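I opened this model to look up its pockets, its salt bridges and a patch on its surface. My entries follow in the order I made them.

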Amino acid sequence: MSRSFDLLILGAGPAGMSAAIRARQLGQSVLVLDEQPAPGGQVWRAVEQVAATPTGALLGDQYRSGAAIADAFRACGAVYEPGSQVWQIEPGWQVYLSRNNAAEVVQAQSVVLATGAQERPAPFPGWTLPGVMTVGAAQILLKTSQQVPANPVWVVGSGPLPLLYMVQLLQAGGTIAGWLDTSPRDSLRRGLPHLLQALPAWRDLLKGWTWLRQLRRAAIPIAPGVDRFSVAGAGRVNSLTYTSADGATVTVPATLVLVHEGVVPSIHITQTIGCKHSWREAQQCLAPDVDRWGETSEAGIFVAGDGAGIGGATAACMSGELAAIGAARRAGVLDDAAAEQAASHLRRQLTSALSSRPLLDAMYPPRPSTFDPSDDTVVCRCEELTAGDIRRAALIGRPGPNQIKSFTRAGMGPCQGRQCGYTIAHIIARTQQRPVAEVGFYRIRPPLKPLTLGELATLDIEEPKS
C-alpha cells in the first residue's frame, strides 16, 4: 500500500522548509523528500551543526539565520526523509523515489518542487583537470568540513558569491592568489538604470560593497574585464593563463582554481513533467512558467525558490510559503479570500526581496566565452565531447539538442545534460545563426537519477483490479 499525503515537498532548503512549516500550520499532511542528509539546502547547508560554531560566525548572520528555520521545520510535524532521490513523477501525482536502497511510490494531492539552482557550467580549456572546482563546491567544503585550501587559490568569475566566499576564506585563514573578475568593465553603467528599483534591498547592496572593500584592503590582486582564460598541467593544474582587459596574455602558477559564472534554475524535473518554460534573457536560461502561487502549467505542481527564477534565500522563503498557501487553496482548505489575505504580506516581502535582481542580472551577465568555447574544449564531460564535435554535428542539416544527443551522445551521461545542456544549446544557436531560445533544451526523460535494478525490484505497485 503506497503512502498518501496532502502535500509532497521535494527539497529542504529555504523554500522547502518554509513551505512545510506553512502547510503544517494550515493542517496539511506533508512529506518532505531531500537528497541531503540534513535540512538547509545549498545556502544553509549543515546549518544545524555549524551555526553555533566559529565557522558559523565567519559564514555570517544570513547563514546563521537558517538555524531558526531549521528548528521550526523539525518541530512542525512534517514527515522528513533525508537521503531520498526522486527519479520519476507521474500524473496523479505519483512520486517515485529511492531511499536506503529501496524504491517506493508516494501519492500526493499537490507537489512543491523546491530543488533550487545549480552553478552555471562554464567550460574552458583545462576545466576537467584536478585542481579546478566551482566556488560553490569550495564553499560547501568550508561549511560542512571547515576545509580551507592549504595553498593560495585563484578565483575566476563574477557576482556576489565569489565576493562572499573570498571574504569568508580570508576570515578562515586562507589565502588568495588573485581574482580574475569576469564581469563586464562597464558593469556599473549597466546597473545604474536599475538602481532605484533595487533600493528596497539596500542592505544587500551595502554588504556587497563591504565585501569588495575588504578584498581591496587585503590587497588581493584583481584583474578586471577577463573573458578568456585556460588552465594547464600534467595530471593536475599547475598554471593559469588569461587575457587581460588590455589584451595582454598573462600566465601565472596555480594549484587550485575556483570558477563561478552565476547560477541557473534546476529544471530537469519540471521538464520531464511537461511544465511550460520560458527563456529568461537576463539570466540566459530557462525557467518554468508559474502563477502568483508558484503553480506551473501542470495543475498541482508548484515551484518555489530559485527553481522558478534566481532570487536568493529570503525570496525563496517567501515563495515557499506562497506555494503552501496555493496548494491549500487548491485543496479547498482555504477559499480565495482567505488565501489572498494570508498571501498579501508575503507578496510585499517577496517584491522587496527581488528588487535587486534586475540590477544584479545587468551587472553580472555570464561572460560571452562561456557560450563560445574553443573547438578543443570539452563541453560534455560524461561523454568527453568537445565544442568542435558539437559544431560539426550542428552543421548536419539543422539539428536541435535532441538530434545532437542522438548523433553524439551528448547529454546521455550520468548528469543527463545538467553540465552541458546550455553550452550545447548556445553552440547550436551560434553555428546555425538562430536564437538560443528557439534552439531550446534537451528532452528530459526518467529516471531522473541513476537507479539500480535492485532498487527497482523492491518497488511494490498495486495492480489495478479487474
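**Second largest pocket**

I began with the second largest pocket, which has 29 lining residues; nearest its centre lie Val-290, Ala-308, Gly-309, Leu-350 and Leu-354. Helix H12 (313-330), helix H13 (336-353) and helix H14 (357-363) are the elements that each give two or more residues to this lining. I took helices as DSSP runs of H or I with at least four residues, and strands as runs of E with at least two, numbered from the N terminus. H12 gives the largest share, 5 residues. The pocket holds about 510 Å³ of space. I sorted its lining into 14 nonpolar, 8 polar and 7 charged residues. Here Ala, Val, Leu, Ile, Met, Phe, Trp, Tyr, Cys and Pro count as nonpolar, Asp, Glu, Lys and Arg as charged, and the others, Gly among them, as polar.

A note on the source: this is a predicted model, where local features need pLDDT of at least 70, side-chain atom pairs count only at pLDDT 80 or more, and totals for chains, interfaces and linings use all residues. Residues are numbered from 1 along each chain as its sequence is written, and side-chain values use heavy atoms, with hydrogens and water left out.

**Cavity**

I found 1 cavity of 30 Å³ or more. The volume of the largest cavity is about 50 Å³. Its lining includes Leu-113, Thr-115, Ser-266 and Pro-288. By class, that lining has 5 nonpolar, 4 polar and no charged residues.

The search ran on a 1 Å grid over the protein atoms alone: a cavity is a set of points where a 1.4 Å probe fits but cannot get out, a pocket is an open set with protein on both sides within 12 Å along at least five of seven lines, and lining residues have an atom within 4 Å of a point. Points are joined across faces, edges and corners, and a volume is the space filled by probe spheres set on them.

**Salt bridges**

I searched the whole structure and got 22 salt bridges (a side-chain nitrogen of Lys or Arg within 4 Å of a carboxyl oxygen of Asp or Glu).

I looked at Glu-261 with Arg-367, where the closest N and O atoms are 2.9 Å apart. Glu-261 sits in the loop between strand S15 (257-260) and strand S16 (263-265), and Arg-367 in the loop between H14 and strand S20 (378-380), so the pair ties together parts 106 residues apart in sequence. Both Glu-261 and Arg-367 are buried (under 20% relative accessible area; exposed is over 50%, partly exposed in between, with a 1.4 Å probe and protein chains only).

Arg-330 pairs with Glu-295 at 3.7 Å between the closest N and O atoms. Arg-330 is in helix H12 and Glu-295 in the loop between strand S18 (285-288) and strand S19 (301-303), 35 residues apart. Arg-330 is partly exposed at 40%, whereas Glu-295 is buried at 15%.

Asp-361 meets Arg-357 at 3.2 Å, N to O. Both lie in helix H14, 4 residues apart, about one turn of the helix. Asp-361 is buried at 14%; Arg-357 is partly exposed at 22%.

I also noted a salt-bridge network that links Arg-228, Asp-372, Asp-375 and Arg-391.

**Surface patch**

Which residues make the nonpolar surface patch of about 410 Å²? They are Leu-192, Leu-195, Leu-196 and Leu-199. Patch residues have over 30% relative accessible area and no salt bridge; like charges are joined within 9 Å, and nonpolar side chains (Val, Leu, Ile, Met, Phe, Trp, Tyr) within 5 Å. Areas come from the Shrake-Rupley method with a 1.4 Å probe; for residues, only the protein chains shown count as cover. I placed Leu-199 in the loop between helix H9 (195-198) and helix H10 (202-217). Leu-199 is partly exposed, at 43% relative accessibility.
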